[in-house]
Amino acid sequence: MRRANDSPRDIANKCLYLIHPINLDNLTLKDLQNLIQKCGRYQHSSIFSHPKGNFAFLIFEHDVDRENLFSRVNKYVPNIQSIVNVDPLNIDEIDDLNIIYVTHYLYSIDSKELEKMIKSFSFHLKILNRYDHLVIQTNDTSNAIICRRFLNSLSIDNHKLFVSKSRIKPLPMILVKKIPYDFNTTELKELFHRKCQRSIYSINTNPSSQNFNRSETDDYSARITFHDIECAEKAVLDYNFTTIDGKEISVELFLPDFSVKNDMKTWKLIINNIPPNLMSLQLFRLFKPFGDLHKVKIVHSNSKHYGVINYYQQETSQKVEEMVNYSLLNGYEIKTFHLRTIKILNFMNSTQKEEILEMFVDYNPFSIKMIQFKDRRPIVYLSFQNDKDMEGAIEHANQILSLGMKLSAYQLLLKNGCADKNDSKHENINENNSSVDEKHRYIQKNTIHFSNLPNDYMQEDLINLCMSYGTLVYISLMTKPSQQNRENTSKTGVVEFDDEESAKRAITSLEGLQINGNPIKISLYTPFKKHSKR
């Protein structure tokens, strides 16, 4: 294998060869190593099994003459079609070496076969199969570089793979949204083939993006892969804002990295006070000259009528915000700003959006989003036009009690969705993971732990149990399988109070507690420590 002191740049420039096909009936990996050992000092060799012919991948310490290698291998392994000298990799063109996006394989190789081939290359590679593209991740940069070079050189039935160079740029794919329920996939293909027939690689109406129990008023989404990014960009210009059965569809370039899309949401521009008859296409044409646009839409919500502009670059968004603010558009003085969003936990389940807006009316909330859950209290997102209103709303929220629990509010910052740097109790906040408890840094002396709670015990039950002993700050419930019988489960709970005395009072008062005849164990909370495997 590679030497321990090899740098990423060394790995990117090593002598690599790809041999195709290899007959495994007559040759093992050890046989292959014996054949090539006189050609040069090799570091690593692999054979990949595939129905259309097996591949051998060779890594040499120094440059090796291709003709010499071909004659030596071909002497013992006949019918070899090609020995390809794999091009070096320019790592300066790649923004993240440890993540690779791959597409353009559906015509030449099954995604499961390609996944198996890559896994046989290295056990350190984590592969996520998205049907029309693969996501390959690893913490081993050297393995990632070698894998990327291998994929760049791979050609099956004269089909080359598309291997991304950037995690922040789109693949040659588009995402089509808001397709009417009764506009079937055949009609969708016919629509896009009118202008893009020769440039379309594949169309995927991914079942995961559709709800087959949807009503006739629902819509669905589809991904379309093109032969190159230029064709995908043209399709966005040709088809975005197209009307189908009186409904406007949305077409955008496909960004495979969720964290990048979440970052872009934080610098999206709001264009307020726009003319009432302004169309999405007109708004797109107005703001496209300023930079690369990802998405444009017009929102009609809560008596508001405004535009939303998403640029790929935060710098572009900031520049446009400064340049366009208070400009005249068809006689209307538009206002541009990016939203400051806060996240609020612990509202009781019966709280309505209208009540929340009324609570914060002095801070001029621009929009509200509420996510409801069956087994826990909702999450509320409030957005504001300026820092002053946002900061006032956070301070106000953190003083409110909601049926036994103190509200917990903090800002979602630009980049990576992290919580407010001044709030040390929360981290790694991500809107896409809102159904999962965020990581929470408990104040240990204020926190107690419950075990052996009934499996049907809910968050609200735990709140009612503890609220009489003090103000609650945070509650978490988790299901825990029994060590004796994996089918038997119970729940563990963690409750953080506002002060140490409340936690002590709860432990003392609840000692000997039984629920449905089961004794409940209650103790001061001790953080779980992960132990490294040796």
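Biologist: Which residues of α13 are buried?
Modeller: In this predicted model, they are Q459, E460, L462, I463, L465 and C466.

Biologist: Thanks! Switching to strands: in what order do β5, β6, β7 and β10 line up?
Modeller: The order is β6-β7-β5-β10, in an open sheet of 4 strands with antiparallel pairing. At the edges are β6 (126–129) and β10 (162–163), each of which pairs on one side only.

Biologist: How many bridges join β5 to β7?
Modeller: There are 4 bridges between β5 (residues 99–103) and β7 (residues 134–137). As an example, V102 has L134 as its bridge partner in β7.

Biologist: What holds paired strands together, in general?
Modeller: Strands of a sheet pair through backbone hydrogen bonds.

Biologist: Nice. Which strands does helix α5 lie across?
Modeller: Helix α5 (residues 141–153) lies across β5, β7 and β10, and runs at about 15° to β5.

Biologist: Now cysteines. How many disulfides are there?
Modeller: The structure holds 0 disulfides. Take C196: its nearest cysteine sulfur belongs to C231 and is 7.6 Å away, whereas a disulfide needs the two sulfurs within 2.5 Å.

Biologist: Is C196 buried or exposed?
Modeller: C196 is buried, with a relative accessible area of 4%.

Biologist: And what is the relative accessible area of C147?
Modeller: That value is 0%, so C147 is buried too.

Key: Residues numbered from 1 in each chain as written. Predicted model: local features only at pLDDT ≥ 70, side-chain atom pairs only at ≥ 80, totals over all residues. Heavy atoms only, no water. Buried < 20%, exposed > 50% of the residue type's maximum accessible area, 1.4 Å probe, protein only. Helix = DSSP H or I, 4+ residues; strand = E, 2+ residues; numbered from the N terminus. Pairing = 2+ DSSP bridges. Contact = heavy atoms within 4.5 Å. Axes fitted to C-alpha atoms, helices over the stretch in contact; angles between N-to-C directions.
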